[in-house]
Amino acid sequence: METLLSPQLLFSALVLGSLYALIALGLNMVYGTMRLLNIAHGDVIMIASYAAFWVFTLVGVSPLLAAPIIVGLTAGIGLLLYRLLFAQQLAGGNTLARVEANSLLLFFGLSVIIQNVAALTFSATPRAYQHLDTVYQVAGIAMTGNRIVGLLVSVAVVAAVVIALNRTALGLSVKALIQNREAARIVGIDVGKVQLLSFAIGFGVAGVAGLLISMAEQISPFMGFPFTIAAFVVIILGGPGNITGGIIAGLLLGFVEVYAVALTSASFRSMILYGLFVLVLIARPQGLLGRSRRA
């Protein structure tokens, strides 16, 4: 019981949960609007982490100050991929099931290419740098500056995206596309423009996550896969296309991971997480907050 009530564990769970919510938000923007299975999402995070690493080590600029450049880089990659690979498929009359299947193969190939190019360019040796690593003691909780910043930035970005989705015309168009693609097209929404925006936001959010991760953890060319898996687990838990559900599920997953490891051991982490995932799929295939559909 003393372990469960530890404020140190609570802080760690909030940091990890907010990061998972941020990562899943970026993936959900792409999957929710276009049903594209971006299994290279973690590799976009890896690219942003390396960009932050080189900006700091070569130029001496904080990744936080270079955030517009890093986020612009990943958003630009998203726009390029959309134009080259997916715009024609989405506009060509293919069914969403066909587009979804094609996207799985395309993103898998991209993931393999990105990882191996990064390994050849930077080597597979993990890298790290020290930035905002001062330890602060607040109410008996030991907190490093980079983790505090990670928590605050993750919450701020998630809140900003949610507000934009609910308060702006373009954001409401994104939500309409998530709910019903054909109905959105019928009422006059520029589906192509909304899809392009969703790609940019999704990849840009991944860039934010990557620079935050780089300040607190080691980075390597193959670091992205666990984050991709965690993001998909969060999306299934919260309900595919359910932005709010994904945020709540991200926080839940962070708490489950931190407290499960504290009560057992790190070797049980994957078993507990995927066990929870399987249980939710059996009990509520539509997700914890997803709505069941009647035929």
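This is a predicted model: local features need pLDDT of at least 70, side-chain atom pairs count only at pLDDT 80 or more; totals for chains, interfaces and linings use all residues.
1. **Ground rules.** Local features are taken only where pLDDT is at least 70, and side-chain atom pairs only at pLDDT 80 or more, while totals for chains, interfaces and linings use all residues. Numbering runs from 1 along each chain as its sequence is written, and side-chain values use heavy atoms, with hydrogens and water left out.

2. **The span of α4.** Helix α4 covers residues 96–122, which is 27 residues. Helices here are DSSP runs of H or I with at least four residues, strands are runs of E with at least two, and both are numbered from the N terminus. From first C-alpha to last, α4 reaches 37 Å, close to the 39 Å expected at 1.5 Å a residue; the expected span is 1.5 Å times one less than the number of residues.

3. **Its buried side.** Which residues of α4 are buried? They are Val99, Ser103, Phe107, Leu110, Ser111, Gln115, Ala118 and Ala119. Buried means under 20% relative accessible area, exposed over 50%, and partly exposed in between, with a 1.4 Å probe and protein chains only. These buried residues pack against α1 (7–34), α2 (41–59), α3 (67–91) and α8 (191–216).

4. α3 and α4 pack at an angle of about 165 degrees, with axes 11 Å apart. That makes α3 roughly antiparallel to α4 (the term applies to angles over 145 degrees). Axes are lines fitted to C-alpha atoms over the stretch in contact, and angles run from 0 to 180 degrees between N-to-C directions. On the α3 side, Leu81, Leu85, Phe86, Gln89 and Leu90 meet Val99, Asn102, Ser103, Leu106, Phe107 and Leu110 of α4; contact means heavy atoms within 4.5 Å.

5. **Two residues with positive phi.** Most residues other than glycine have a negative phi. Serine 123 is partly exposed, at 29% relative accessible area. Arginine 35 is not a glycine either, yet has a positive phi of about 60 degrees; its place is the loop between α1 and α2.

6. **A glutamate in α10.** Is glutamate 257 buried or exposed? At 11% relative accessibility, glutamate 257 counts as buried. This residue belongs to helix α10 (residues 243–263). Leaving aside neighbours within four places in sequence, glutamate 257 is in contact with Leu16, Tyr20, Arg269 and Leu273.

Key: Angles under 35 degrees count as roughly parallel, over 145 as roughly antiparallel, 65 to 115 as roughly perpendicular and the rest as oblique.
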